[in-house]
Amino acid sequence: MLRNCLNSTRRFASNKAYQVTTYARPEDLYITRGVNAKLFDDIHGKEFVDFTAGIAVTALGHANPKIAEILQKQASTLVHCSNLYYNVECLKLSEKLVEKTKQLGGQYNASRVFLCNSGSEANEAALKFAKKYGISQNPKKQGIISFENSFHGRTMGALSATSNPKYRTPFGDLVPGVTFLNVNDDLTKLQSIVNSKGDNLAGLIVEPIQGEGGVFPIPLETLAGLKEVCEAHNIAVIYDEIQCGLGRSGKLWAHAYLPPNAHPDIFTTAKALGNGFPIAATVVNEKINNALVVGDHGTTYGGNPLACAVGNYVLDVIGDQKFLDQVLEKGEFLQNGLKKLQAKYKDHIVDVRGKGLIVGCQFKENPAAVVNKARELGLLVITAGKNTVRFVPPLTIEKETLKEGLDIFEKSVEFVYHK
Ligand SMILES: Cc1ncc(COP(=O)(O)O)c(C=O)c1O
């Protein structure tokens, strides 16, 4: 039985030629299964500590038994019925997203939810809703402010608000009207730019912690100052919480570190919401919802009962103060470990930063050799932005697995820099 399974896995694993050329993947590594924060390549007989969580997705661990049970039960009850009709799981999840958000210090006036299938789609919806809100005030109010170093997705709208030229330039003309600012600029300068364009701006989109850009938590004063100027011009503020949300920062949402007057009009979530099952959401306040009418937006799969059943469970687990506290505790352990390593390798590691279990360790030069050595020694990590190794393990990682991964990372740095 096991041999049959391995043989058929081997056969598919050699069929790489059938995939389009969009990903660079390590050769000779095939993930066959996972358990919480461990991944296994049974073809090559290897085991890994997983500090990637499928890019901040499997917050409740790989092959979570409770999620497997929910999927199995819901799949034999109702998978899909479209948005032509109400389904109970979708209604439950919408209510839970709004109520948990308000209970746990997130958007104080969260009110309605649009459910879809991926982070990019959630941002597409957010950008469309912001534009509709702008146009409802004045047909010229359509522009979007975004930030350098941001990442909002690969679909045309989300890509238009993503700054990285590597992702943008191959695709020619994108959605017009997006202005990129540098979040590190002086706040008064940023505010005066927004002020000067105010009548032509529909929305501002920002990740409270920039993830792909290199793990940069945006100073709370900057977010609050941007919200203040946007509020003065009725510009919809969108917080992209797709990577940094759902407990990763140690609060349910990264924007829950902000006072209510700096909360967004719209926020987006995806990744951890389905623990790997595709689902995403765009949450809005009543002001935004009032600009929308039936038919403005839609999706065939969004809000399907299968995905929503998982989302309901994920929110129950993560939306609990005790769960969030243990994320902060593990985050502190991880950052402290990395800071000790930085002290030892101060000529090579220039910064350790982050919040909760989204942590970046920035090197002076490209850390590819460290990442490759770590993989060889049994640890999976990803890079982000410039020279930064990103740590986004499952939020349920055991303390000893976290330590095991840190030890492997230290050995990898040691190997590359010979200390
Ligand atoms: C902050 C942020 N926004 C949007 C996205 C896009 O999400 P998806 O890949 O699910 O479309 C990502 C994905 O990495 C992200 O990190």
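**Aromatic pairs and charges over rings**

In this predicted model, ring pairs link Phe-51, Phe-363, Phe-391, Phe-409 and Tyr-417 into a cluster. The structure holds seven aromatic pairs.

User: Why is the pair of Phe-114 and Phe-129 called edge-to-face?

Analyst: The planes of Phe-114 and Phe-129 stand at 85°. Edge-to-face needs over 60 degrees, so the label applies. The centres are 6.0 Å apart, and pairing requires that they lie within 6.5 Å.

User: What makes the pair of Phe-114 and Phe-129 tie parts together?

Analyst: Phe-114 belongs to strand β4 (residues 110–116), Phe-129 to helix α5 (residues 119–137), so the contact joins parts 15 residues apart in sequence. Both Phe-114 and Phe-129 are buried.

User: How do you know that Phe-151 and Tyr-167 form an aromatic pair?

Analyst: Their centres are 5.5 Å apart. The limit is 6.5 Å.

User: Why does Tyr-167 count as buried?

Analyst: Its relative accessibility is 17%. Buried means under 20%, so Tyr-167 qualifies.

User: Which rings have a charged end over them?

Analyst: Phe-40 is one: the charged end of Arg-33 sits over its ring, 4.1 Å from the centre. Tyr-257 is another, with the charged end of Lys-355 over its ring at 4.2 Å from the centre. The distance cut-off is within 6 Å.

Conventions: Residues numbered from 1 in each chain as written. Predicted model: local features only at pLDDT ≥ 70, side-chain atom pairs only at ≥ 80, totals over all residues. Heavy atoms only, no water. Phe/Tyr/Trp six-rings, centres within 6.5 Å; stacked < 30°, edge-to-face > 60°. Helix = DSSP H or I, 4+ residues; strand = E, 2+ residues; numbered from the N terminus. Buried < 20%, exposed > 50% of the residue type's maximum accessible area, 1.4 Å probe, protein only. Lys NZ or Arg CZ within 6 Å of the ring centre and 35° of its normal.
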